[in-house]
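Thanks for coming. I will go through charged side chains in one model, then stop.

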Amino acid sequence: METSAPKKTCCESVRDFFTSAKFLIYMGHALSTWGDRMWNFAVAVFLVELYGNSLLLTAVYGLVVAGSVLLLGAIIGDWVDKNPRLKVAQTSLLVQNSCVIVCGILLMVVFQFKEQLVGLYNGWILTTCYILVITIANIANLASTATSITIQRDWVVVVAGQDSSKLADMNATVRIIDQLTNILAPMLVGQIMAFGSHFIGCGFISGWNLCSMCLEYALLWKVYQKTPALATKAGQKEQQQELKQLSPTRELENGQSPEESSQPLMNETSVVTKPDSPKQRGCCYQVTEPLRTFKAGWVAYYNQNIFFAGMSLAFLYMTVLGFDCITTGYAYTQGLNGSVLSLLMGASAVTGICGTVAFTWVRKKCGLIRTGFISGIAQLCCLMLCVVSVFAPGSPFDLSVSPFQDLYTHLIGEKPLPEAEHSLTSVLTNATTVAPAEELPPLQSYMSVCLLFAGVIAARVGLWSFDLTVTQLIQENVIESERGVINGVQNSMNYLLDLLHFIMVILAPNPEAFGLLVIISVSFVAMGHIMYFGFAFKSLGSRLFLCCSPEQKVEEVDNPSLPTTV
């Protein structure tokens, strides 16, 4: 007579959870993300303060960061692929936190002795400090990119093992942590700088990163010890065998239950063998190695069967419909103050968390690919409110005003016309100025901006659910030996489209043209979802429109775009 294993008590279950590799990853990610969010918020404020309330240094920093990831994303990903997991995680962690600590100390020196530095060598010492701050901060961001790729795109997949449902839950939890830290961390460091000083803020961030680096290092080591699979990277032959055995999306999209379909999806068609060259590698070969890596990474990305899914996610970055400095600047021109905007940002965080929760539920009911399709439709429907806001009462949209007027007047050196005096960039530098009550627009003129933010906030549900869908598609379809480079190229694509949206704002910065930017943004989002629809229809065919449930079984149809179950 067989004896069943004794059931664990509540205390034992709680203890096992808090000592599991999954929870340790959450803790490490929370510490890392908290430090990143504090630093990203503070460095922009520091640069504005140092350069006399001008956005020039902040703009230069943003351009350098975006350009670096765009050019080096594939190379960073290739480095992640070619080195042991623990070495990559520890190196990127140490480099990132060390750079932030050094940068914080340098900023403390500049804040403390700025008046003396201005007089040294006609201000060249101070200019050198600015260059060093931007350079070191950029290195920290590149290291952060490597950390994100190796932990969120590789370690999470390995820790989840062969359970696709567990992977989805881990991705959703990681994204909820991102949402919470994105709101809470800037609030903390903002209060420290408000009630203390920028000098104290720099010291706090440097101290935080020093302590966080030690804790994260220990957590990484614990996760590595608890997950033996992290110690090895499967060979190509083993991966091909894995690909034939593990294909959850095919089963899930065919209506099988989540329990039956909790297997990872891999892409056996994307295995690319790289024959070793017997020729002696000379100096020229080594010098051009980064260029070949860059080219090979983008070619490998293009050859993935999830190429259009990745491109669809990148297209969502080409938008002004987010809570960044652009939308904030426009909101100030429409009479919204900082208090209202902070509440709106909190509401967007709540809807973002709702989107991550909805992702796990919809994926279990409808499958991963269908979840992306449903999320895209939901996002587009919500963004229609933003399009309506362009033509609603109170909208400053005016096609008679040239969208390039503000740029033109700055280039030719003439005084801007009245319509261009309140460009989005000029408003940002005076965002803290409170307008007199009599100058605020009447209540009925708020209809346009209310519709705009209602659409932006509601669309976060579909946006974050779609983001998680594409993230898991990349995790499950890209072979282990290419996860780093493919995710590196994906980051580069995201930054490229993000750069284009800033260029679009520079060309048309006046509020009268913001409605045009909204229409262009919604068009890019629509194009992104059309590309995803093409990917989904190619993968599932007409089954994309079937409502799938655990009880319903759909006859399996040959599908060349997805791996075949063996």
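A salt bridge here is a side-chain nitrogen of Lys or Arg within 4 Å of a carboxyl oxygen of Asp or Glu. This is a predicted model, so local features need pLDDT of at least 70 and side-chain atom pairs pLDDT 80 or more, while totals for chains, interfaces and linings use all residues. Residues are numbered from 1 along each chain as its sequence is written, and side-chain values use heavy atoms, leaving out hydrogens and water.

The whole structure has seven salt bridges. One of them joins Asp154 and Arg483, with the closest N and O atoms 2.6 Å apart. Asp154 is in helix 6 and Arg483 in helix 20, 329 residues apart; helices are DSSP runs of H or I, at least four residues, numbered from the N terminus. Is this pair buried or exposed? Buried means under 20% relative accessible area, exposed over 50%, partly exposed in between, with a 1.4 Å probe and protein chains only. Asp154 is buried at 5%, and Arg483 is buried at 5%.

Next, Arg175. Its side chain meets Asp178 in a salt bridge at 3.5 Å, N to O. Both sit in helix 7, three residues apart, which means a separation of about one helical turn. Arg175 also forms a salt bridge with Asp467, where the closest N and O atoms are 1.9 Å apart. Asp467 lies in helix 19, so this pair ties together parts 292 residues apart in sequence. Arg175 is buried at 6% relative accessibility, Asp178 at 11% and Asp467 at 10%.

Note on methods:
Helices (H or I, at least four residues) and strands (E, at least two) are DSSP runs, numbered from the N terminus.
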